[in-house]
Structure formats: structure tokens, C-alpha cells
Amino acid sequence: MRIASIRQGVVPISSAIANAYIDFSKMTASVVAITVEDGAGKKATGYGFNSNGRYAQPGLLTERFIPRLQAATEAELTRKDGGLRPAGAWAAMMRNEKPGGHGDRSVAVGVLDMALWDAAAKLAGVPLWRLLADRYRGGQADDSAWVYAAGGYYYPGKGVDALVEEMKRYLGMGYTTVKMKIGGAPGTALKEALSEDMARIEAVVKLLGGDGSRLAVDVNGRFGLHAALTYGAALQPFGLRWYEEPLDPLDYSTHAALAEQYMPPIATGENLFSMLDARNLIRHGGLRPDRDILQFDPALSYGLVEYLRTLEMLARHGWSPRRCVPHGGHQFALNIAVGLGLGGNESYPEVFAPFGGFADSTPVVDGRIKMPDTPGIGFEAKSALWAVLKDL
Ligand code: MG
């Protein structure tokens with residue numbers, strides 16, 4: 001097994017949307033293509049990109065991670081059964097990196113890791129979800145994955161009616177659960193922001209037939225403990241699906257304080273980028289394995305090689321993989337959800353094009369999605385994304 005070539009590019013994710021923390025109009029993504037040869041005449045090209053919320057990483061890729069991957073030996077890249085070994089590639093990429101400080105480096109490695117898993121599944125002639133089920137779950141794969149529609153962003157001039165119309169479109173597409181941003185009303189004091197958000201939430205819950213368990217809300221890490229508790233008290237009666245990133249993602253003890261007061265599910269983890277950060281959340285965040293949701297995004301956090309370590313850590317702490325619903329809305333995490341038995345996956349039906357969304361041939365039905373049989377991650381089965389990747 002050897003790396004024949006690695007190509008990379010930077011593409012914009014043009015969007016007028018904003019959440020409570022950032023404006024996405026300047027967001028970019030790295031895309032890579034890695035061609036691998038198995039030494040027995042077989043060759044495959046895998047593709048990768050970074051998940052939304054973090055910027056393209058051309059500098060880190062060019063200066064450190066691509067040269068190290070190109071220098072990986074055949075022994076490092078090859079499994080005992082002759083298949084491609086992403087864990088060996090990972091160790092080569094991380095040579096000369098100190099522990100801790102997971103910032104943007106985990107994004108750069110994640111882009112390459114995604115492409116390596118795409119290539120590994122293509123060389124094996126199977127979809128990635130099948131490869132994962134065979135390698136790590138005794139061949140058992142789920143027949144579909146639960147997905148929910150994430151949206152409800154703040155746009156300039158967007159009122160409650162436009163929010164309800166947006167959520168109506170998601171229900172029309174086959175989703176049963178939706179998510180909206182809260183806590184982002186610009187320049188408003190807590191009391192006013194809360195009353196504005198309550199009107200938004202009440203309108204969406206009404207659309208959902210009064211069933212709050214079909215709505216999740218996302219703060220994007222904006223609140224301190226006081227605001228998180230104030231909102232929590234107001235949200236509690238709705239019995240929402242979950243209350244997402246109420247607090248700074250790295251401030252574990254405040255999560256524990258909130259989890260003592262707020263009884264319905266809390267979700268977090270999309271901004272934790274390593275197994276060790278995830279373990280600190282589990283050790284110190286006071287989260288409850290019977291209800292809370294973990295949203296680590298494999299594409300942002302050193303890829304699937306590291307995500308497998310995170311799942312192993314969770315199992316040792318008594319957490320089921322069903323409690324994991326990755327952030328990002330990409331096909332990589334969807335394959336992982338089906339192949340490794342996670343609780344589901346995020347989906348962005350109207351934003352982060354063309355990276356969000358799934359294969360063209362697999363519509364959402366009753367809030368679930370089936371996987372195509374395309375070898376690899378399935379990018380070729382999503383025409384808008386393939387149009388960008390194939391230019392590499
Ligand atoms: Mg979020």
C-alpha cells in the first residue's frame with residue numbers, strides 16, 4: 001500500500017447565515033484527494049473536506065501533514081489482511097506533534113483521514129458503513145440512520161413567520177425533528193433575548209403539534225452559567241429533544257452545575273477535538289449517560305481513527321454509542337452512524353452547500369435515511385458535492 005498522490009484546494013462556503021457566535025459569510029473549507037495504490041494493481045482515490053464551523057487549513061496541510069503522510073512507509077499503511085490502514089497513516093501524520101493544543105491541527109488531520117477512509121472502502125469495493133461494520137462491529141450495520149434538520153439561523157430581518165416557514169419546509173422533506181438557534185438576538189439584554197426566543201420556540205412547537213420532543217435548540221456556546229440556568233428554567237416545561245451547547249464547550253464544571261438543574265437532555269461536544277477532551281467532558285461535565293447527547297464531529301477532531309478511540313473511551317465509562325449524534329451533517333459521519341451504531345446524524349438541508357446533505361438517491365423518510373451501496377463514503381452519489389471534488 002502506498003500513497004501515489006495528494007492534491008488539495010480551498011473552496012468557499014458562501015452563506016449569509018449567522019449563529020449566536022459567528023457569521024458564516026467568510027467561512028472556507030479545505031478539500032483533498034488522495035490516490036492510493038495497493039501494490040497488486042489496484043488503485044483508488046479518496047476525498048476529504050473539513051466540516052463546517054472551522055476554516056480551511058492549507059498552511060498546516062502543506063507544511064506538515066501532507067509531507068508526513070507522503071513519507072509514510074508501506075508497512076505503516078498496510079493492514080495484516082492487505083487493506084489500507086488509516087491508523088498507520090494517522091501515526092505518521094502526527095509524528096513530531098506534542099500532546100494537547102488540539103485547535104486547527106485536528107481539522108487538518110481530519111480532512112486527510114476522511115480521504116483515507118474513502119480510499120480504504122473503495123479499495124475493498126464496499127461502502128464505508130459496510131467496511132466499518134465488518135472491521136469493528138462483527139458485520140452488523142443499521143439499516144438506516146435517524147437524522148434531524150438543523151437550521152433556524154438568524155438572518156438579517158428574519159422574523160418568526162419566516163422561521164416557521166423554514167421548519168415547515170424541513171417537515172415537507174421528510175424530517176420529523178428540527179433544530180433552531182437561540183440566544184443570538186443581536187445586542188439584546190438577557191430578559192429581552194429570552195422573551196424573543198420564547199416566542200420563536202412557541203411558534204415552532206405549535207407547528208410540531210405541541211410536541212417539544214421534536215425540537216432541539218442550539219446556543220453555540222454563548223451563555224455563562226447564569227444565562228444558561230435562566231434559559232434552562234424557561235425551556236424545561238417544553239421537554240425539548242435537547243438543549244445544545246448552552247455553555248463554553250471546554251468549561252466542564254459549569255455543565256455539571258447546569259445538569260443538576262435542567263432535567264431534559266443536554267447536548268454538546270461539537271467543539272471538542274480529541275479523545276482526551278471528550279474524556280474530560282465525560283469525567284467532569286456531569287452529563288447523564290441515560291439521556292444526554294454527544295456531538296463530537298469526526299471530521300473536525302482528527303478523523304475516524306481518533307473517533308474510534310473516543311467510542312472506546314465512552315464504552316469504558318458506561319456510555320452507549322447510541323448517545324452519539326455527530327455534528328456536521330456530512331456523509332462521513334452518516335456512514336459512521338450506520339456502520340458503528342450511533343444514535344443518528346445532523347443534517348443541514350438548506351445551508352453549508354454543497355458539503356451538507358446526503359446522496360441524491362436516498363431521501364429522508366419518517367426522519368430516517370438509508371445508505372446507498374456506492375463504494376467509499378458515497379460522494380460520487382451526491383452530484384453537487386461531486387462537482388466540486390472531481391475538479392481536484
Ligand atoms: Mg451546534
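A: In this predicted model, the side chains of K179 and E346 meet in a salt bridge, with 2.8 Å from N to O. The two partners come from distant parts of the chain, since K179 belongs to strand β5 and E346 to strand β10, 167 residues apart. Both K179 and E346 are buried.

K179 also meets the side chain of D218 in a salt bridge, here at 3.9 Å from N to O, which falls within the cut-off of 4 Å. K179 lies in strand β5 (residues 178-181) and D218 in strand β6 (residues 215-218), so this pair ties together parts that are 39 residues apart in sequence. Like K179, D218 is buried. As a general point, side chains of opposite charge can pair when their charged atoms come close.

A further salt bridge joins R291 to D290, where the closest N and O atoms are 3.1 Å apart. R291 counts as partly exposed because its relative accessibility is 25%, while D290, at 56% relative accessibility, counts as exposed. Elsewhere, salt bridges that share partners join K179, K181, D218, E244 and E346 into one network. By the distance rule applied here, the count comes to 24 salt bridges.

Strand β10, which holds E346, is also the place of N345. N345 is buried, as its relative accessible area is 0%. Leaving aside neighbours within four places in sequence, N345 is in contact with W146, V147, Y148, V325, P326, G329, H330, A333, L334 and F358.

Beyond strand β10 (345-347), the loop between this strand and β11 (368-369) contains A353. A353 is exposed, because its relative accessible area is 57% and the cut-off for exposed is over 50%. The C-alpha atoms of A353 and R241 are separated by 26 Å, and these two residues are 112 residues apart along the chain.

Helix α5 (residues 128-136) packs with helix α12 (residues 331-340) at an angle of about 40 degrees, their axes being 8 Å apart. α5 and α12 are therefore oblique to each other, and α5 passes α12 in a right-handed crossing. On the α5 side the contact involves L128, W129, L132, A133 and Y136, which meet F332, N335, I336, V338, G339 and L340 in α12. The residues of this contact of α5 with α12 divide into nine nonpolar, two polar and no charged.

In the other pair, the axes of helix α10 (residues 275-284) and helix α11 (residues 303-316) come within 9 Å and cross at roughly 25 degrees. That angle makes α10 roughly parallel to α11, because angles under 35 degrees count as roughly parallel. Here too the crossing is right-handed, with α10 passing α11. The contact is made by M275, A278, R279 and I282 of α10, together with E306, R309, T310, M313 and L314 of α11. These residues of the contact of α10 with α11 divide into five nonpolar, one polar and three charged.

Methods: Residues are numbered from 1 along each chain as its sequence is written. This is a predicted model: local features need pLDDT of at least 70, side-chain atom pairs count only at pLDDT 80 or more; totals for chains, interfaces and linings use all residues. Side-chain values use heavy atoms; hydrogens and water are left out. Axes are lines fitted to C-alpha atoms, for helices over the stretch in contact, and angles run from 0 to 180 degrees between N-to-C directions. Helices (H or I, at least four residues) and strands (E, at least two) are DSSP runs, numbered from the N terminus. Angles under 35 degrees count as roughly parallel, over 145 as roughly antiparallel, 65 to 115 as roughly perpendicular and the rest as oblique. A crossing is left-handed if the near helix is turned anticlockwise from the far one by less than a right angle, and right-handed if clockwise. Contact means heavy atoms within 4.5 Å. Ala, Val, Leu, Ile, Met, Phe, Trp, Tyr, Cys and Pro count as nonpolar, Asp, Glu, Lys and Arg as charged, and the others, Gly among them, as polar. Buried means under 20% relative accessible area, exposed over 50%, partly exposed in between (1.4 Å probe, protein chains only).
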